[in-house]
Amino acid sequence: MKVFITQELPGNVEEYLLSQGFEVDLYKKNNIISKRELIKRAKEADGLIPLLTNSVDREVIDNLKRCKVIANVAVGYNNIDVAYAKSKNIIVTNTPGILDDATADLTLALILACARRLRVGDIFVRKNKFTAWMPQLMLGVELAGKTAGIIGAGRIGIEVAKRLLPFKTKIVYYSRNRKAEFEKVTGAKKVSLNALLKNSDIVSIHIPLNKNTYHILNRENMNLLKPTSILVNTSRGEVIEEKYLIEILKKKKIFAAGLDVYEGEPKINPELFKLDNVFLLPHIGSATTETRSKMAQLAAKNVAAVLSNKKPLTPV
Ligand code: NAP
Ligand code: GLV
């Protein structure tokens with residue numbers, strides 16, 4: 001049986017699949033495979049290992065003649081038409097849990113970078129502008145005593161909250177359902193989305209992208225944010241109405257934003273480049289050697305399990 005992988009992966013995944021008796025077809029170019037090429041190569045594959053950058057939509061799924069499993073190398077699966085895959089008896093798997101620490105660490109890095117203006121500070125020093133310690137130079141905001149609002153109190157959300165507590169912040173959260181474990185660990189209360197936006201000094205987003213969460217932060221509710229607040233998004237770009245975020249950043253209606261993800265990425269709205277109060281990263285939430293290896297290995301194990309008529313480890 002053949003497995004098609006849409007890009008080279010860490011974690012000796014190819015070797016693992018070969019050792020399990022599978023044939024492996026690997027897209028070796030260092031770019032995102034085109035839909036045409038993806039369809040051509042995946043057509044006769046029994047298992048597909050795509051990335052979050054590959055759209056596995058109806059057209060692709062309709063062309064999968066033998067596929068039994070699509071094992072996304074990501075926890076988010078908004079790139080896959082899961083319902084349609086299911087209707088074709090194809091199992092979809094993702095990589096939950098193993099990337100929580102890495103993504104939460106990066107979220108904290110963004111929060112701190114925004115709060116203490118790390119980007120402008122670094123540029124300032126490199127431009128040789130640091131002439132003296134000055135009492136009012138590059139003043140940021142302190143985390144101690146502030147309120148952090150977590151939108152989406154799931155696996156990553158709870159890890160972010162746990163990391164914020166030692167910084168002496170109070171936590172509140174918004175999710176559709178009450179999260180007993182989250183409340184127990186963080187002492188947080190569930191609040192409405194509007195109350196969270198109105199009262200939080202730090203807002204961090206950890207919800208999946210789907211039709212309910214698209215533009216969940218929009219021109220109506222982002223007006224509730226405090227002028228001193230920091231907004232960080234390490235979930236998916238499309239959960240924020242980005243054009244409006246740019247507008248409020250320009251008008252300094254919030255203190256700063258930290259973004260790892262963008263609406264329509266990898267294209268970036270060039271207006272973002274002009275702003276000093278935004279910190280930009282290239283979707284690297286889970287990008288540590290350890291975590292990316294584990295993600296790739298989990299995807300491969302899911303494929304091997306399904307193709308060996310066993311239960312997948314982490315089905316969507
Ligand atoms: P998770 O454990 O499923 O947590 C997501 C939380 O969002 C759940 O607690 C869910 O709870 C809540 N939620 C879902 N729909 C909602 C809605 N409409 N309104 C409010 N809350 C909602 O997921 P995770 O593993 O933490 O991952 C979260 C997302 O992070 C992923 O889907 C992915 O897009 C993104 N991510 C990005 C990176 C990166 O590299 N930047 C890395 C990893 C993950 P309820 O349904 O009970 O409300
Ligand atoms: C990364 O964005 C993921 O969803 O794993």
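These notebook entries record what I looked up in a predicted model.

**Conventions.** I number residues from 1 along each chain as its sequence is written, letter chains from A and number ligands from 1 in the order in which they are written. For this predicted model, local features need pLDDT of at least 70, side-chain atom pairs count only at pLDDT 80 or more, totals for chains, interfaces and linings use all residues, and side-chain values use heavy atoms, with hydrogens and water left out.

**Entry 1: salt bridges.** I noted that side chains of opposite charge can pair when their charged atoms come close. I applied the rule that a salt bridge is a side-chain nitrogen of Lys or Arg within 4 Å of a carboxyl oxygen of Asp or Glu. The count by this rule is 19 salt bridges.

I looked up Asp57 and found its side chain in a salt bridge with that of Lys35, at 2.6 Å from N to O. Lys35 belongs to helix 2 (residues 35-42), whereas Asp57 lies in the loop between strand 3 (47-49) and helix 3 (58-62), so the pair ties together parts that are 22 residues apart in sequence. Helices (H or I, at least four residues) and strands (E, at least two) are DSSP runs, numbered from the N terminus.

I then looked up Arg163, which forms a salt bridge with Asp101, the closest N and O atoms being 2.9 Å apart. This pair links distant parts of the chain, 62 residues apart: Arg163 is in helix 7 (residues 155-164) and Asp101 in helix 5 (residues 100-115).

Next came Arg178 and Glu183, whose side chains meet in a salt bridge of 2.5 Å, N to O. I also recorded that salt bridges that share partners join Asp101, Asp105, Glu159, Lys162 and Arg163 into one network.

Entry 2: Is Glu183 buried or exposed? Glu183 counts as buried at 15% relative accessibility, and its partner Arg178 counts as exposed at 63%. Asp57 is partly exposed at 22%, as is Lys35 at 30%.

**Entry 3: Thr234.** I located Thr234 in the loop between strand 10 (230-233) and helix 10 (242-250). Thr234 counts as buried, with 9% relative accessibility. I listed its contacts (heavy atoms within 4.5 Å), leaving out residues up to four places away in sequence; among them are Leu110, Ile205, His206 and Val261.

Definitions and conventions
Buried means under 20% relative accessible area, exposed over 50%, partly exposed in between (1.4 Å probe, protein chains only).
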